[in-house]
Amino acid sequence: MELFKELKWYFIQEWKRYTGTFILLTIMTLLQLLPSKIIGSTIDLILSHQSSDQEILLKISQIITISIVVYILRYFWRILLFGASNQLTSQLREKFCFALLQQDAKFYSKYRNGDLISRATNDIDRIVFAAGEGILTIIDSFVLGCSIIIVMSIQTNWKLSFFSLTPMPIMAIMIKRYGKLLYTTFQQSQKHFSYLNNQAQDSLSNIHMIRNFGLEKTEIKKFSIVANNVKKKDFQVSKIDAQLDPIIHISVALSNLFAILGGSFLITKNQLTFGQLTSFILYLGSMIWPILAFAWMFNIIERGNVSWKRIKKIIFYNKKKTIPFNIVNINSLKDLTVNIKKFSFPERKNSSLHNIKLCVPRHTTLGICGPTGSGKTTLIRLIQQHFILSHGYINYHKHNIKNIHIKKWRKIISVVNQIPFLFSDSILNNIGFGKKNATFKEIKNVAKLACIHNDIKKLPQGYHTKIGEKGIKLSGGQKQRITIARAFLVPSKILILDDPLSSVDHDTEHKIINNIHKYTQKNKITTIIATHRLSILEKFNNIVVLKNGTVIQEGSHKKLLSSQNWYSEMYNYQKFK
Ligand SMILES: Nc1ncnc2c1ncn2[C@@H]1O[C@H](COP(=O)(O)OP(=O)(O)OP(=O)(O)O)[C@@H](O)[C@H]1O
Ligand SMILES: [Mg+2]
């Protein structure tokens, strides 16, 4: 029942629908009891040979009327109850999506996409099922079960009711025992389903590479191992279900047997009529559903509980505590100061960055270069607050950026990541992503600055061309330039580009870098670029060379060229290559 306690907010919000469902279900349940009574009394009437055709027809029409009313009531409670649970689906998905948008890089290195997708779909469905069907079975088994027992005891014989219902408590104990087992087994099954999703995601996103390397068979083998595990875990869940089912059916059969034995005995003693025994057995037959519903309820709720725990982990995952700091006047801010004593990625012992001291004065340009794996992207990610720096600080005008509200900080910076990310949408929407209501003219202007406008013009639907999953229909250089155009469109204070021109030819590269200089000077923007192409750093105010996670050289292009070092060697090598 922990699930229902934690979903209290939802039940309060939807109390009207649930109260309506409860009222309609109760009326319907009570109405459903009447036919058994009518049939019993009809049999007694026929056996007494005092019945007229009219009386029998009246009884039949009573049963038909009740059936029609029950049908109508059933329609309305379903609309109410499932309307409420649909509401829960969309609210939980919204909460889940909101939680995902708040999480940092540490979270995403812990949870994989396939796992998250399985939680957002499968687990949320389970929770909603518990809040819909689960509640229905609770009301149904409770109201119908209790009403039948009361009616049976009052209208027939309480001793017979007691006697025939003796197998029920034993069944309840067994169901509870299996409930616990089902919980742990279902937990395992959901976990393995997440692994299956991860594997499917991996295979699909790397499908071309798998084919290129001719690794289809290996991949199928890998997939079938994971799928087999899911099958095994699901089978264990089914086995528990299968063990539970006969217990329920045996209990019901025993109840019927006891009713017939006890009832026949009472008839011989003239304490019960034949019609009353028929009604009693019909009532007992109506008990099958509440009993099944009772068992099913445990099943649904246990599964819902497991899924809720999995969803809770994401929704309440390490809610980032930022000290809400109000930057009153962004224009008055000045330098970006970096002082990293040590930074290690979560679950890594060795530090990726250490002893880095930098100052990037407002409106200046900083170039970051160095061998591959030297820490350029890591430094940029720390500036983006993907990770919280605990040994050292990064200050923006004397304010530690970790104390600046993340949303405000994201408005100050605009970033082009090393791996360009594009949505499966039109070029127009991809460029305009960061600025709501951007005009077509603005989008065209930034596309020209990023030297992608002419390429877009040649595409079949121009700016409205859909670019496919992650921009599959574009070249590497086109993808990079679209992400650069996207960054230009956002009115930020610091423009950060991580190896943005690695797939662009030399001429285009220089055109873009000149445009970047013009754009940032005109709009008074600080620029930070990490790159392997040293020629683009020629006009930069300051350049730092990183190696093994620390700064080994720093200065202007001229200064760095004046001595023998990594920068001058690499620059000359690239120039004459
Ligand atoms: N998410 C991560 N988790 C753990 N270690 C990481 C992670 N990202 C990077 N690293 C490690 O940090 C070090 C620096 O990586 P980084 O990506 O910053 O290098 P880089 O200078 O940008 O390289 P490149 O020029 O190839 O882009 C590397 O040793 C890398 O293995
Ligand atoms: Mg990098």
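**A predicted model, question by question**

Colleague: How far apart are the end C-alpha atoms of residues 338–573?
Modeller: The model is predicted, and that applies to every value here. Residues 338–573 are 34% helix and 22% strand. UniProt, in an unreviewed entry, lists this span as "domain: ABC transporter". Its end C-alpha atoms lie apart by 30 Å.

Colleague: What percentage of residues 22–303 is helix?
Modeller: The unreviewed UniProt entry lists this span as "domain: ABC transmembrane type-1". Strand makes up 0% of it, and its end C-alpha atoms are 23 Å apart. The helix share is 92%.

Colleague: Which residues does UniProt list for "transmembrane region"?
Modeller: The list comes from an unreviewed entry. In the model, residues 21–40 are 100% helix, with end C-alpha atoms 30 Å apart. Residues 280–301 are also 100% helix, and their ends lie 31 Å apart.

Colleague: Which protein residues are donors of the magnesium ion, ligand 2?
Modeller: A donor here is an N, O or S atom within 2.8 Å of the ion. Two side-chain atoms, OG1 and OE1, lie 1.9 to 2.3 Å from the magnesium ion. They belong to Thr 377 and Gln 418.

Colleague: How many residues apart are Thr 377 and Gln 418?
Modeller: Thr 377 sits in helix α12, residues 376–383. Gln 418 is in the loop between β6 (413–416) and α14 (427–431). The pair therefore links distant parts of the chain, and the separation is 41 residues.

Colleague: Are Thr 377 and Gln 418 buried, partly exposed or exposed?
Modeller: The middle class runs between 20% and 50% relative accessible area. Thr 377 has 28%. Gln 418 has 34%.

Colleague: How much of the accessible area of ligand 1 does the protein cover?
Modeller: An oxygen atom of ligand 1 is 2.7 Å from a side-chain N or O atom of Gln 418. Ser 352 places a polar side-chain atom 3.1 Å from a ligand oxygen. Ser 374 uses a backbone N or O atom, also at 3.1 Å. Of the 640 Å² that ligand 1 has on its own, the protein covers 68%.

Colleague: Which residues come nearest to ligand 1?
Modeller: There are 14 residues around the ligand. By class, two are nonpolar, nine polar and three charged. The nearest are Thr 372, Thr 377, Thr 378, Gln 418 and His 532.

Colleague: Is Asn 197 buried or exposed?
Modeller: Asn 197 lies in helix α8, residues 167–205. A polar atom of its side chain is 3.2 Å from the backbone oxygen of Gly 114. Its relative accessibility is 18%, and the limit is 20%, so Asn 197 counts as buried.

Colleague: How far apart in space are Arg 410 and Ile 494?
Modeller: Arg 410 is in helix α13, residues 406–412. At 41% relative accessibility, Arg 410 is partly exposed. Arg 410 and Ile 494 are 84 residues apart in sequence. From C-alpha to C-alpha, the distance is 9.9 Å.

Colleague: What is phi of Asn 355 near?
Modeller: Asn 355 is in strand β2, residues 353–360. At 55% relative accessibility, Asn 355 is exposed. Its phi is positive, in a residue other than glycine, and is near 45°.

Colleague: Where is Lys 524 found?
Modeller: Its phi is also positive, near 50°. At 51% relative accessibility, Lys 524 is exposed. Its place is the loop between α18 (506–522) and β8 (526–530).

How values were computed: Residues are numbered from 1 along each chain as its sequence is written. Chains are lettered from A and ligands numbered from 1 in the order in which they are written. This is a predicted model: local features need pLDDT of at least 70, side-chain atom pairs count only at pLDDT 80 or more; totals for chains, interfaces and linings use all residues. Side-chain values use heavy atoms; hydrogens and water are left out. UniProt positions are given in the numbering used here, feature names are shortened, and annotations may be inferred rather than shown by experiment. Helices (H or I, at least four residues) and strands (E, at least two) are DSSP runs, numbered from the N terminus. Donors are N, O and S atoms within 2.8 Å of the metal (3.2 Å for Na, K and Ca); water is not among the atoms, so sites may look incomplete. Buried means under 20% relative accessible area, exposed over 50%, partly exposed in between (1.4 Å probe, protein chains only). A residue is near a molecule or strand if one of its heavy atoms lies within 4 Å of it. A polar contact is a pair of N or O atoms within 3.5 Å; within protein, one must be able to donate a hydrogen and the other to accept it, and residues adjacent in sequence count only if both atoms are side-chain atoms. Accessible areas come from the Shrake-Rupley method with a 1.4 Å probe; for residues, only the protein chains shown count as cover. Ala, Val, Leu, Ile, Met, Phe, Trp, Tyr, Cys and Pro count as nonpolar, Asp, Glu, Lys and Arg as charged, and the others, Gly among them, as polar.
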